[in-house]
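Subject: A structure for you to look at

Hi there,

Here is the structure I promised to pass on. Have a look at it first, and then read on for what turned up.

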Amino acid sequence: MQMEIKFCDLPCYEKADTEEGTLAYKVRHNCFHIDKLPTDGLQKEFHSFVMHRGNTITVLSLRSDLVQYNTVCKFLSERYTELNSLMDVPLDTLIREMKKWLLKNGKALTTRRVSKRLGRDEQQENINVRYLKKVYEFLMPEDNRPEREKDIWRLDRLGIDLIDNPILGTATLNFSKIVQDTIKQEVKDAAYMELLTRAVGTVSAELVAVNRFSNYLAENFEDVKSLADVDREVVESYLIYLNTEATERQSYRSDVFHLKAVMDLVGRMIERPEISNLFLLSDIPKQPEKLYKSYSDAELTRLNRAIVDANVQVARALILHQMLGTRISDTLTLLQDCVFEKDGKLMVRIHQVKSRRTYRKTINDEIHSLIRASIEYTKEHSPDSQYVFAHDKYVDRPMSYAKIQYQLMALIHENDLRDDNGELFGVGTHLFRHTYGRKLTEMHVDDTTIAKLLGHANNSSVKYYRKMSNNQLAVETRDMRNSMDEILQNLIKGW
């Protein structure tokens, strides 16, 4: 076993740009001194972890690892001089002892994470504590139980075909936050049944609602161990809490809706039909009237001037997203064979992730050129991908929405991009689609054609785009109307 592991000996160094003068080149001789650890057992465990990290992260991330490694080594050498394995001490005890050690040595228990680029300033658990947790989790023996018996499910191991949004890439469902063991099992059984027919995103949202309800029960109704123990009194108490004390969200309508769905299903599964009737329809607040917003022409101009300087594929995706008027999930899941010719016209085939419908629309040469350039880039950088916009790491997945979100957020903060009201833009990719729909109404396109171009199943939503168009017209003509009002007021004075 090596007592020194140099950066240049790790696989991640081979993948990096190591030309003379690069950062990777400068840190090539940095190394992990394994002999800083007090026992042979700890040395073997950390050696294994460092080698694992060297195969999965970048050289730049490895620099941060080295600082944390040295701090953890110092802690273990002072507090656990005879410890042969981290597994011999419960994780909670290790963390508690490390926090005591940090305080004794004048170090903070939290780490401030500042990102000027993204406009974030937040407190996180001390970075060295997080590193120790990573090592501990790496060393834990693999859980070989059937996936459904675990508290954290790897969705790809359930053996079922999932209905998932590929640009989000949900990998797990975590049931560990449900306090009551019986409720946890009831919800697991219900979640599995739901995954057979419903979208992963829906099941995940239901789990969030159950987690909040479980924590409320633990604090206020300790006797409730099963959802079968819940009665109308408990439900009403919880509804009062959501409407008067809970502050995490502006509205808990979706939480109540999702919790009701889980209770209904569990009630049927455990043959307790009364559970299914605990929530009344009147308990769920009415859906507020849809308020469609869109970008003004000036706002679009400001945004697109910055977008063209983003990562080239992200820029292409966002421009194509605007030109097609699709949802961002539909843009990012375009397949490389999406363009075809019919009756002498270029068409694009769009699969809607949300509705699972496929529709086609005519495109012009500019859109075709943009798609073709995007495909050529993908073939060069991710030759095995089937998508126009490929994921950076996983060839079987499209570009992630997180990448789009990060790039847009960074551009907004770096360029101080503000809307017409002087507020920083948010990351609202769906507003591009709203703007597309609004523009169609301003061109006096009929409702049926607008619905087809947007990929809607019917005309019911077109009215919102027309209403939005009228609102925009009111905003754009406000100055002129104010001027006219002033003239009229002067005339009235003359009378």
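How many cavities of 30 Å³ or more does the count come to? The count comes to one. Please keep in mind that this is a predicted model, and that the values below are computed from it.

**The cavity**

The largest cavity holds about 80 Å³ of space. Helices α7 (181-195), α8 (200-220) and α10 (253-269) are the elements that each give two or more residues to its lining. In total 13 residues line this cavity, and those nearest its centre are Val187, Ala191, Val203, Glu206 and Val262. Sorted by class, the lining has eleven nonpolar and two charged residues, with no polar ones.

**A buried arginine**

Now find Arg212, which sits in helix α8. Is Arg212 buried or exposed? Its relative accessibility is 13%, and buried means under 20%, so Arg212 counts as buried. Leaving aside residues up to four places away in sequence, Arg212 touches Tyr238, Leu242, Glu248, Arg249, Tyr252 and Asp255.

**Helix α12**

After α12 comes Gly325, with a positive phi near 70°.

Most residues other than glycine have a negative phi. Which way does the phi of Glu271 go, positive or negative? Glu271 is not a glycine, yet its phi is positive, about 55°. You will find Glu271 in the loop between α10 and α11 (297-307). Its relative accessibility is 67%, and exposed means over 50%, so Glu271 counts as exposed.

Asp416 also has a positive phi, about 50°, without being a glycine. Asp416 lies in the loop between α15 (401-414) and α16 (430-442). With a relative accessible area of 43%, Asp416 is partly exposed.

Happy exploring!

Best wishes

Notes
Residues numbered from 1 in each chain as written. Predicted model: local features only at pLDDT ≥ 70, side-chain atom pairs only at ≥ 80, totals over all residues. Heavy atoms only, no water. Helix = DSSP H or I, 4+ residues; strand = E, 2+ residues; numbered from the N terminus. 1 Å grid on protein atoms, 1.4 Å probe; cavity = no way out; pocket = protein on both sides within 12 Å on 5 of 7 lines; lining within 4 Å. Points joined across faces, edges and corners; volume = space filled by probe spheres on them. Nonpolar A, V, L, I, M, F, W, Y, C, P; charged D, E, K, R; others polar. Buried < 20%, exposed > 50% of the residue type's maximum accessible area, 1.4 Å probe, protein only. Contact = heavy atoms within 4.5 Å.
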